[in-house]
Amino acid sequence: MAAFDFSAILLGLTVLFGLVWLFDRLFLAKARRARAEASGTEQPEPWPVDWARSLFPVILVVLILRSFVAEPFRIPSGSMMPTLDVGDFILVNKFAYGLRMPAFNNKLVENGEPRRGDVVVFRFPGALCKDEKGEIVRSGDLTCQNPHAPVTGENWIKRVIGLPGDRIETRGSELYINGERVGADEIGPFKGSMNRPEDRLLMTFGSKLYTEHLGSINHTIALTPAFNMPQDIPNAVVPSEVPKGCYIVMGDNRMNSTDSRWWGCMPEQNLVGKAFFVWLAWRGPGNGWLDFSKMGKVIH
């Protein structure tokens, strides 16, 4: 999942403005004051220094908020339809599961764990592949043709299905948690715009919407058996029991989502945060530009 990757830019600007401001305070400000006293006129700060002094605290605050509190992300694919659509811009609560050190993702402060049904953003851990020795390794190549391909750690978004210690089984479109089938009530056929490729795919293959009852969370999923039938859990690389410190995650577009059914559990240390709000729903030309019905929606 793509993010507004401003963090690196913000960090760079924070360092740049901070250095400019510090350099001026240490080496230039004293000489400027001396000239002002000698001439009897105020010596203005050079514009780079003035900008750095004004913008440094603002950018620093924004960087801290994005790193530890909330961050915007953009949905690039239809794997979470109909809950989240291509072009939705969402906010992610980065403090929902504890305070983490950016980049290293080390947890500094505990603040709860993911619950079943949460929509979470995480760094993709890599596909489960067998190497030349027959050992299971994590690879950045989803096809497993190169089991040693580096994992880029890009941000993905899915829904938490299985918690550590759960027994998860899938049989086609049916989901079982600890031996009990997860209930789902049919809503009806998916309706969308034929101008949008994601909608057109679901409509062409006769997708139906269901309200899935996942613990205390009731949410909508799309089932499209005519398009694809994902592999079941357990399988050759994904066991039924969820390991400690790991979560089974799936997309709400169940037949068109590359998720734990293929690449296994999502490690807890890969968590970025909990998706909680759609602040913009961009649909583009030919589709009304904006979907006002989704803007301001709380994500369940």
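Which strand holds His219? Strand β14, residues 217–223, is where His219 is found.

## Ground rules

This is a predicted model, so local features need pLDDT of at least 70 and side-chain atom pairs count only at pLDDT 80 or more, while totals for chains, interfaces and linings use all residues. Residues are numbered from 1 along each chain as its sequence is written, and side-chain values use heavy atoms, with hydrogens and water left out.

## Domains

The protein splits into domain 1 (6–69) and domain 2 (76–298), and their C-alpha centres sit 43 Å apart. Those bounds come from an automatic or database domain assignment.

## The annotated pair

An unreviewed UniProt entry puts its "active site" annotation on Ser79 and Lys158. Positions from UniProt are given in the numbering used here, feature names are shortened, and annotations may be inferred rather than shown by experiment. The two residues are spread over 80 residues of sequence, yet they cluster in space, with a largest C-alpha distance of 8.0 Å. Their side chains are joined by a polar contact of 3.1 Å. (A polar contact is a pair of N or O atoms within 3.5 Å; within protein, one must be able to donate a hydrogen and the other to accept it, and residues adjacent in sequence count only if both atoms are side-chain atoms.)

Ser79 sits in the loop between β1 (70–74) and β2 (88–93), whereas Lys158 belongs to strand β8 (residues 155–162). Helices (H or I, at least four residues) and strands (E, at least two) are DSSP runs, numbered from the N terminus. Ser79 counts as buried because its relative accessibility is 10%, and Lys158 does so at 4%. Here buried means under 20% relative accessible area, exposed over 50%, and partly exposed in between (1.4 Å probe, protein chains only).

What surrounds them? Setting aside residues up to four places away in sequence, Ser79 touches Ile157, Lys158, Gly251, Asp252, Asn253, Asn256 and Ser257. A contact means heavy atoms within 4.5 Å. With sequence neighbours within four places left out again, the contacts of Lys158 include Ser79, Met80, Asp118, Phe122, Gly251 and Ser257.

## Back to His219

His219 is buried, with a relative accessible area of 4%. The His219 side chain makes a polar contact of 3.2 Å with the side chain of Arg159. Beyond its neighbours within four places in sequence, His219 is in contact with residues including Arg159, Tyr210, Asp252, Arg254 and His300.

## Two disulfides

Searching the whole structure turns up two disulfides; the criterion is a pair of cysteine sulfur atoms within 2.5 Å. Counting bonded cysteines along the chain, the pattern is 1-2, 3-4.

In one of them, the sulfur atoms of Cys129 and Cys144 are 2.0 Å apart. This pair links distant parts of the chain, 15 residues apart: Cys129 is in strand β6 (residues 127–130), and Cys144 is in the loop between β7 (136–139) and β8. The torsion about the S-S bond of Cys129 and Cys144 is about -75°, so this disulfide is left-handed. Cys129 is buried at 1% relative accessible area, but Cys144 is partly exposed at 27%.

Cys246 and Cys265 form a disulfide too, with sulfur atoms 2.1 Å apart. Cys246 lies in strand β15 (residues 246–250) and Cys265 in the loop between α4 (260–263) and β16 (266–267), so the bond ties together parts 19 residues apart in sequence. The link of Cys246 and Cys265 is right-handed, with 60° about the S-S bond, and both cysteines are buried.
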